[in-house]
Amino acid sequence: MRKMAETLTKILGKEIQYNDVTPDVYRSFGFPGADDLGNMFQFMRDFDEVFCKARNLDFSRSLNPELKTFEKWVIKNKNRIPLQ
């Protein structure tokens with residue numbers, strides 16, 4: 001996630017900071033689905049290797065050859081991202 005903030009900073013020309021919210025704090029936000037999202041973020045954090053191994057980029061690109069990296073997506077969509 002920090003890398004995403006760094007990419008946004010580089011492309012948008014504005015400092016973007018990543019706020020590292022723990023899964024427990026996320027679950028405490030109280031909106032519908034906060035518990036589920038907190039659990040998802042905890043799984044992604046605690047089992048990064050398992051999570052990433054199940055998502056093969058080469059296979060994804062075979063299904064969608066136009067799939068972009070995050071950086072290329074930001075470059076294409078930077079004018080649609082509202083900045084304050």
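User: Which residues form one aromatic cluster here?
Analyst: Tyr 26, Phe 29, Phe 31 and Phe 41. This is a predicted model: local features need pLDDT of at least 70, side-chain atom pairs count only at pLDDT 80 or more, and totals for chains, interfaces and linings use all residues. Residues are numbered from 1 along each chain as its sequence is written, and side-chain values use heavy atoms, with hydrogens and water left out.

User: How many aromatic pairs in the whole structure?
Analyst: Five. Rings of Phe, Tyr and Trp (its six-membered ring) pair if their centres lie within 6.5 Å.

User: Tyr 26 and Phe 29: what are the distance and angle?
Analyst: The ring centres are 5.1 Å apart and the planes sit at 55 degrees, so the pair is tilted. Planes under 30 degrees apart count as stacked, over 60 as edge-to-face, the rest as tilted.

User: How exposed is Phe 29?
Analyst: Partly, at 43% relative accessible area. Buried means under 20%, exposed over 50%, partly exposed in between (1.4 Å probe, protein chains only).

User: Switching topic. What about secondary structure?
Analyst: Six helices and zero strands. Helices (H or I, at least four residues) and strands (E, at least two) are DSSP runs, numbered from the N terminus.

User: Why call the protein more spread out than a compact globule?
Analyst: Because its radius of gyration is 16 Å, well over the 12 Å that the globule rule gives for 84 residues. The radius is taken over C-alpha atoms; the rule is 2.2 Å times the number of residues to the power 0.38.

User: What does the C-alpha trace span?
Analyst: About 35 × 35 × 20 Å along the principal axes.

User: And what share of residues is buried?
Analyst: 15% of the 84 residues.
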